[in-house]
Amino acid sequence: MSLLDAPPAALAPARTLDSWKQRLQQLLAFAGLLVIFLAFSIAAPTTFATYSNVMNILFSAVVIGCLAMGATLVIVSAGIDLSCGTGMALSAVMAATFMVTWGIPVWLGILLTLAFGAFIGFVNGTAVTILGLPPFIATLAMMMICQGLALVVSGVHPIYFDPVAQKSYLWLSTGNLFPGSGFPNAILVLLIAVTVAYLVFNKTLLGRYDVSIGSNMEATALSGINVKKWLIVIYSTAGVFTALGGVMISARLGSAQPATGAGYEMQAIAATVIGGTSLSGGKGSIIGTLIGALIISVINNGLQIIMLPQQWQNVVLGTVIVIVVFIDQLRNKQAKTR
Amino acid sequence: MRPHSSLLLQVDDVHKSFPGVSALSGMRLDLRHGEVLGLVGENGAGKSTLMKLLTGIYARQSGQFWLNGEPLDVRTPREAEERGLSIIHQELNLVSHLTVAENIWLGREPLAGGLFTRPGEQIRRTRELLDRLEMDLDPRALVAHLSVAKQQMVEIAKALSFDAKVLIMDEPTSALNEAEVAQLHTLIRRFVTPSTGVVYITHRMPELTAITDRITVIRDGKYIATTDTASTTLDAVISHMVGRAVDTSATPVGVRDDREVILSVRGLRTRTMVDDVSFDLHKGEVLGFAGLMGAGRTETARAIIGADPITSGRISLRGKPVTIRNPAQAARLGIGYLSEDRKKYGLMLNLDVTHNVGISSVAHRFCAGVFERKGALRRAAEQTVDLLKIKTPSVNQRVKYLSGGNQQKTIIGRWLVKDCDILIFDEPTRGIDVGAKEEIYHLLNTLASQGKSIIMISSELPEILRMAHRVVVMSDGRVTGTLSAEDATQESMMALATNHQQDKKEQ
């Protein structure tokens, strides 16, 4: 009998403690967001906590938020996706190629772009499962391939959307479904993306198998789950969120910028980790990731408003990640020694 | 107690227990100068515990070790080596990306000025050593490129480079062919001088006669007997090995021969271990798989469920031939596998009972469209907890907080909810306390009487005797015999589990 085996009598309080702790952690992330928000509100009382600035914060969280949804799905399976940043740039270029170069209608162009993103993920998933490459290597290669292809396909130039022909495309990001509300559509898109990710992760087989694979891949396979197939599905789904990020960033800028994208994957991973998803897999939260994306957005925005030079922003962000993950590990260690 | 001065190595009344288990109690062992002492015992008899105590990996609780009349009290294997006691483990401890010479002198490299390595000197010393041992090895060869037999020679050379007086070899021949075994035995005879000795641990009975002078049998952490090899028989050794009292009150329930064959395996082979395995599993029967560790039983199970690829062989299910490529397919066909290593291959430890019970069946039984029917899944998990009497505060409990027996029941529940007809239990009671064992036995009997067909792999012979309607005995990847419940005794099974070498010679 190992030390982990507790006598049944001792279990009842442990269970309540366990679920209580889990809830506490989600509260902690949210409380962290509030604390940071309040700190900036005090530091810049007139400019930070205004309606329009809050909209700015939400607006700038959209792209990272979309990518981070996919990143969460992959990381929960104990994988990693380094290709979501440049994959986003390539998706944007593909969207522009479909619509601007080929003249495909906007709705179809968006669908094709999302399908293309799924294809990127499919290749990632295949490399990980069929070829057996470590996810880090497979997606690192994909990151480079996407970076290169974005330049190749676009001819190393930004592709600009036509304000008339692709009016509805640009409206998707900067338009207002509710005129005069100052509430850009991009935020609605993020909310829809988060809702879909939440349903997929918490209510479908994909989420169940995702957590199971991340918790113990061998045991999941021996339980009769086709782990390879489901990993490919998970990476492909993440690819759809990557492409959605590409749609949202190019709609916001009014153009597809082929040379951007690198670095976004790290922000997406950071948002996921801050949100309490474990890099070792088996545990994750979509709402946590949303909070993580918002924390990053609040910090970036707040530091700008209190006029901290841009170059300091990543220093602060890095420090926040160290603190958050350190606290998370302390919790996990406590759980293990019990 | 005073050491016996004429003994090379003496183990005197050594005790060691782990929480809940007594691993060794009153262990004795006497190694004389210039002899090869065979050490035999079943799996779990305490051989590896003894070795770990000797080399300081574990701390002993009482008793004493004597080496040449001096107390031996070391804290690390390296210290033991420096005192002249070296162990060749079954799993070789070599760094495969280094050369022969680098491995032998690892951590003791000849240095110039305390800083720079002297590769030339290292090679020269290695040559000297290898020449002295008459070993045909290239000091510059990468260990990764050597055969297992040659790697073993490197280990032996390394041990002897410490000027070892006592060499303990743990199943040194498990990966060797007959020619290599003979070569190893020559090497051992060359090593043994009036000032040295060898403890030779093996499962292969014929080797005892070939190489040892005396044989010590241990069982259940206790010293049983030592006999001169010349004046004993292998039968006597085997009966010493298994001679523990058997609970005769419990026997297999409802033994019958007329049941239909549900699973039939013919000529199964895998690349690594399984060699021409054939057997039939009848409906409602518990088929025991006996054998020693490494006999290929787990590998056979994994091959059947498609976890490892098979190179040849046929599997039929209810008379129809099937090809099983992966465990997912096996599950669809109603074959569930419960691994010997629950934590590694069975449970999602950080997830709750509901998940662990439902994972195999959720796709087919608890989904409406793309969404899960969480309520139905939860109810099924609760029913399973009630049915199998899994002790847990709720189905939301993470399984890592359950006891071993309840964890095992959780996995059994998984396959019951999946409605599997064939259940393969690999060491179902390993690491489970006595009370929970009884419950598992009872559960297996109930399942069999309800028409489930059960393969029970077990290294505990009394467990096989108590549960199995028929017994398949394996050795070295092959089936060495199939016994009915009446013919199965500890002696007959142990003989089949160890005599494979003999068979081959007779053929």
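How many helices and strands are there in chain A?

1. Chain A holds 13 helices and two strands, where helices (H or I, at least four residues) and strands (E, at least two) are DSSP runs numbered from the N terminus. The structure is a predicted model, in which local features need pLDDT of at least 70, side-chain atom pairs count only at pLDDT 80 or more, and totals for chains, interfaces and linings use all residues. Residues are numbered from 1 along each chain as its sequence is written, chains are lettered from A and ligands numbered from 1 in the order in which they are written, and side-chain values use heavy atoms, with hydrogens and water left out.

2. Of the 338 residues in chain A, 52% are buried. Buried means under 20% relative accessible area, exposed over 50%, and partly exposed in between (1.4 Å probe, protein chains only). Among contacts (heavy atoms within 4.5 Å) in chain A between residues at least 6 apart in sequence, 77% join residues at least 24 apart.

3. The largest nonpolar core has 126 residues. Such a core is a set of buried Ala, Val, Leu, Ile, Met, Phe, Trp, Tyr and Cys residues joined through side-chain atoms within 4.5 Å. The residues with the most contacts inside the largest core are Tyr169(A), Met248(A), Ile412(B), Leu423(B) and Ile454(B). Helix H2 (residues 51–76) of chain A supplies the largest share of this core, 14 residues. In soluble globular proteins, nonpolar side chains tend to be buried together.

4. Leu423(B) is in contact with Gly336(B), Trp415(B), Leu416(B), Leu447(B), Ser453(B), Ile454(B) and Ile455(B), when neighbours within four places in sequence are left aside. A second, separate core of 34 residues includes Ala149(B), Ile156(B), Ala159(B) and Val181(B).

5. How do helices H5(B) and H6(B) pack? Helix H5 (residues 148–161) and helix H6 (residues 178–191), both of chain B, pack at an angle of about 10°, with their axes 11 Å apart. Axes are lines fitted to C-alpha atoms, for helices over the stretch in contact, and angles run from 0 to 180 degrees between N-to-C directions. H5(B) and H6(B) are therefore roughly parallel to each other; angles under 35 degrees count as roughly parallel, over 145 as roughly antiparallel, 65 to 115 as roughly perpendicular and the rest as oblique.

6. In this packing, Ala149(B), Met153(B), Ile156(B) and Leu160(B) of H5(B) meet Glu180(B), Leu184(B), Leu187(B) and Phe191(B) of H6(B). The residues of the contact divide into seven nonpolar, no polar and one charged. Here Ala, Val, Leu, Ile, Met, Phe, Trp, Tyr, Cys and Pro count as nonpolar, Asp, Glu, Lys and Arg as charged, and the others, Gly among them, as polar. An α-helix has 3.6 residues a turn, so residues three or four places apart point the same way.

7. Asp280(B) belongs to strand S14 (residues 275–282) of chain B and counts as partly exposed, at 22% relative accessibility. Its side chain makes a polar contact with the side chain of Arg266(B) (3.0 Å). A polar contact is a pair of N or O atoms within 3.5 Å; within protein, one must be able to donate a hydrogen and the other to accept it, and residues adjacent in sequence count only if both atoms are side-chain atoms. Not counting residues up to four places away in sequence, Asp280(B) touches residues including Val261(B), Leu263(B), Glu285(B) and Arg470(B).

8. Is Ser339(B) buried or exposed? Ser339(B), in the loop between strand S18 (335–338) and helix H11 (342–345) of chain B, is buried, with a relative accessible area of 5%. A polar atom of its side chain lies 2.9 Å from the backbone nitrogen of Asp341(B).

9. Helix H9 (residues 297–304) of chain B is mostly covered, with seven of its eight residues buried. Among them are Arg297(B) and Arg302(B). Gly306(B), which follows H9(B), has a positive phi near 80°.

10. Most residues other than glycine have a negative phi. Val156(A), however, has a phi near 60°; Val156(A) is found in the loop between helix H5 (135–154) and strand S1 (159–160) of chain A and is exposed, with a relative accessible area of 58%. Asp13(B), in strand S1 (residues 7–18) of chain B, has a positive phi of about 50° and is partly exposed at 39%.
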